[in-house]
Amino acid sequence: MAYLAPIHKPSSVRHALTLSFTSPDSLDLIIAKSNRLEIWSPSPTNPSELIHLHTKTIYGKITLLAKLRPAQSSTDHLFIGTDRNNYFTLSWSPSTSTLKTEKAFHDIADKSARDSQTGDRVHIDPTNRFLTLECYEGVITVLPIAHAGKGKRKQSLGQQQDIGELGTPIPVRIPELFVKSTCFIHNRTTGLKPANPEIAILYEDSGSQRMRIKVRELEYSASLRNEEPGSAELEKVREVQGDVEVGAGFLIPLPGPVYGFLVVGETGVGYVDEWEFRVQRTEALEEATVFVAWCGIDDQRYVLADDYGKMYLLLVQQDSRGEYAGHRIDNLGYTSRASTLVYLDEGRVFVGSHQGDSQIIQISEQGLEVLQTFPNIAPILDFTVMDMGNRSSDAPVNEFSSGQARLVTGSGAFKDGSLRSVRSGVGLEDVGSIGDMGAPVSTIFSLRSGRRGMQGVDTLVVGFVSHTRVFVFDEEGEVEEVEDFRGFQLSESTLHAGSLDDGRAVQVTTSAVTLSDAEGGVVTDTWHPSTNQTITAVSAVGSSILLSLNDNNNTALVSLDISTPTIQVRAARHFDANEQISCLTTSASTPGVAVVGFWSDALVAFLSLSKLETITETSVADPTSSSSDDSVAVPRSLIIANILPQQPPTLFVGLADGNVVTYTLIPSTSSSSLLSQAPTFWNRKSIILGTQQPNFALLPRGDGLENVFATCEHPSLIYGSEGRMVYSAVTAESAAAICAFDSAASPGAIAIASTSDSGETELKLAVVDEERTTHVQTLPVHETVRRIAYSPDLRAFGLGTIKRTLEAGEEIVESHFKLVDEVAFQELHTYALGRDELVECVMRCKLDDGVGGEAERFVVGTAFLDDAEAGGAANGKAVRGRILVFEVTESRELKVIEELGLRGACRCLGIAGGGRIVAALVKTVVIYAFEYQTPSSPLLVKKAAYRTATAPIDLAVTSSGNGTDSVIAVTDLMKSVSLLQHTCPRGKSSASASSPQDTLEEIARHFDTLWGTAVACVADNTYLAADAEGNLVVLQHDLNGFSTEDRRRLRVTSEMLLGEMVNRIRRISIQPTPNAIVIPRAFCATVEGGVYLFALIAPGQQDFLIRLQERMAELETKKEEKMLGSGSAGGVTWRSFRGFKSGTRDMGEEGPMRFVDGELVERFLDLGEEEQGWVCEGLPGGRTVENVRGVVEGLRRVH
């Protein structure tokens, strides 16, 4: 069984509009991102900027948006259409701040009709009497909008409430099929009765292949019976006379006094009047282009956007009578390539983009200014998993979180193309850097300098192995390093430094405790341990200091009191050799006591600060573990924090093996005077952060609570959210030391010392996000990054890119293979491909170096656009593609060491056993050996071939245990997935003619029709396949089938509609923990910018998760029936959306098969107590709410 959860939700914007949705006076922007609806409203503090207000998941990909205003509503209603043919109107409920379904209906057009090839369209006629839908070829669906009648037909008061509501849809057939654009025409009002609406239709004539325009009159007759729909016709038609440009793209209706409409083409813009319907005064453009979107500013000005990211302003000119007198087009500048344009106000335009970042731009006399950017990583054409949170590919990862993985995507298209680094976790935003420290940092402390006028902290004390440095900040954030500070010993390593409430300062080094006064920084007292004793650990709270001393393996604890100008020893205790102290901590949340960890028996104990007596103790070792090795369970760091509101404090214990054990510290109920001094250890929990001991730092929050920053190889932030404790990865690459630094110049900041790969230690200030989000870093490439490969050995990316430019009206396409440094994200070298040659695939692999070893290589597959212009010949025939093998020289440049001309395009590449290269050509899969005739003369030799059903789209190669044989999964253009068995006779290639040949034969196939886009092996004999219609299918090869037919058939074990086309699936290898609920196996990236984590469910959790998913789906349906607003929008069920759907099969009634939708299940944590209880009532095994909440929290931590 399979589990799928989003890491990065879709960010592509294809549809948007403005309306007064949340209040009568608001100007809200509605954005559709795949199946998600976002509401953005003007910021109260900065009206030119929009802030996110609400997000709603729609069960269907949004294809249509329109606004309606019913007579009885003070706000606009939102009309939505989806690719599942569901249509409904939504309103905003101010009392619950949720969306409410007003009306929902299903399209009743003939399902045998072909879907519209140019996209769905929705229009509302200028008189607000009709709404039309165009979702099928040759069909216009008319929805009457209720309006007040006249005279005898005047509606009753009850009917008046329906004014503005949508009526029953009426499908009307038209003969025009390939329609490119339509619009309602503004008619002149000549009488009391409004004229019938007229629709202009721009279409391609299938006979003459010419563009034509027809204007059809919409005639509607209401039914005499209220329960029956009316009738509509589009029979009256007039054809527009005159030549219509072949490249005409869309129509722009013009309101009065001009009337008529504009025909926008690639080389000119024409005008059609509303009297004679003749194309008049077509004016040529200065430079030919392809317009893709438009929006109106007012009745005369329109903004146009072309396919190359250029923005234009079109001004309609009028004569003295107000008639059309021409137009003028001005170039405004460049933006992202627009998918939709929405005019906001005061010259601001929203540019919604599928290929780049969406933007809000300001139009001025000087041109364009970008006011706000909405990041977008769509479309993801390819991606690679750069690391799994560790620099070594074979280093173990104990408990997986997607925050440990850094994905690098090839995003955008053409000039908006870029590399994006995607990582899920708590973000750190750098606000300043002090620079390289020159040596590893051990500790950082913040305190007050004592300068007059400075109320908060303004000083950083940085401890190194053998010395200390002090940095003082002023009110503007300027920093100065000082050589002398308040009598501190800067020639020694600082273990602790802090400010007391009365302004005094204290420093603890390995040899002394120094106390200085509040005014002049004069040292008032110094305390030294006995001869040969060294201070090894310290913790301070208020006026109490607890020290751990070491002398020849003998340990002592000393409790100091610094409430007076002199340092007083409150208590001391010596321990035996078998009672060595490993860590200690004190906290204001547990006054009068300290927590101490011991090396032996994994003990943690509460001790009184007044006498250092042991009050209570416990072992942090896992009581269920049978391991006899206690060394890994040694407590190495401790901290007490108030994470959750109105809850007892939590003790965090960091173990030597990377585990973090937590205890809730509840007040003791013992009658013993000694035991009552300390809390009780309760509710032990454990989580694995990494393989190294975590060290903790306390980060106070503004609400009186605290966060905990854990530094290890996977830095994490532990914080409270919605009544639960959350562990989230931090986007910092490495963190050696950290402390809070809430200064005047940098409020809410932290100071963090991080070590780079080159060994430099940088000290910087940063602001930590309040919660976990997906963080994206961008490297603009300004070319389509079609393929990407990452080489850890070379520390570089290989990028296959496509560049498109427009020169003198001619489109020029170039393709390159680039080498990019992984650290600086800088281009190192570029190899230009031939004319009309495009990169198709890129991979990195180890190949024979000709001298008995292996070397890192990049292999690139290409295709030629025009066969007639392809260069060279392959076996006497024209070259239609190439395979290029690159080496990276010592100067980090690309060098071609082998080139092979092909008779077909090379669509994808893989590496099989024996060092063989697998190449998927147009209709065949070919095995090549990379051989050397001489140590400097490599060549590619064809070893085996297999002819696919249609055309291979993607490959997934799995090597067998012997290292020479492989199983190759091939996803076909139409015929789904087939498995090929490749047998290599030898581990090393041989050029001998008598050597045995490779074999390549089909061993299994999925016999259903599936338009494949990606495939990956996710487990032994288990494959994940994606198709062009947005489905995910898990296939299993049964090697132990009863019959030969069973063994040749790939069996479907799970299937679900994702709703987005997956472009690439990358397998990941994770060693799961014994109690893992799900086992992550792959990342999936989609054309809409979504990144998903695919996992397999542990056998013992499958029934529970399936039933939990069913209960969550039932709850949403229940909410919608009660019109609570928090259910499914439009009454569309989750089951109907997630059910497999293709051109031959629709499983909308049954829902997904053995597939768990993580987004739905994890919504359990957002429910109230009563709703959570209702969901748990139907679960097997008598699971409690707390138990289910813990399981779902574990699922959320995974991604």
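## Cavities

A cavity is a set of points, on a 1 Å grid over the protein atoms alone, where a 1.4 Å probe fits but cannot get out. This is a predicted model, in which local features need pLDDT of at least 70 and side-chain atom pairs count only at pLDDT 80 or more, while totals for chains, interfaces and linings use all residues. Residues are numbered from 1 along each chain as its sequence is written, and side-chain values use heavy atoms, leaving out hydrogens and water.

Searching the whole structure turns up ten cavities of 30 Å³ or more. The largest cavity holds about 60 Å³ of space, a volume being the space filled by probe spheres set on the points. Its lining (residues with an atom within 4 Å of a point) includes Ser116, Arg121, Tyr136 and Leu177. Strands β11 (130-136) and β12 (139-144) each give at least two residues to this lining; strands are DSSP runs of E, at least two residues long, and helices are runs of H or I with at least four.

## Two crossing helices

Now to helices α6 (residues 1169-1177) and α7 (residues 1185-1198): their axes come within 10 Å and cross at roughly 90°. That makes α6 roughly perpendicular to α7 (65 to 115 degrees). On the α6 side, the contact (heavy atoms within 4.5 Å) is made by Glu1169, Gln1172, Gly1173 and Cys1176; α7 brings Val1185, Val1188 and Arg1189.

## Gln1101

Look for Gln1101 in the loop between β88 (1091-1097) and α3 (1102-1121). Gln1101 is buried, at 19% relative accessible area (buried means under 20%, with a 1.4 Å probe and protein chains only). Setting aside neighbours within four places in sequence, Gln1101 is in contact with Ile1077 and Arg1183.

Note on methods
Axes are lines fitted to C-alpha atoms, for helices over the stretch in contact, and angles run from 0 to 180 degrees between N-to-C directions. Angles under 35 degrees count as roughly parallel, over 145 as roughly antiparallel, 65 to 115 as roughly perpendicular and the rest as oblique. On a 1 Å grid over the protein atoms alone, a cavity is a set of points where a 1.4 Å probe fits but cannot get out, and a pocket is an open set with protein on both sides within 12 Å along at least five of seven lines; lining residues have an atom within 4 Å of a point. Buried means under 20% relative accessible area, exposed over 50%, partly exposed in between (1.4 Å probe, protein chains only).
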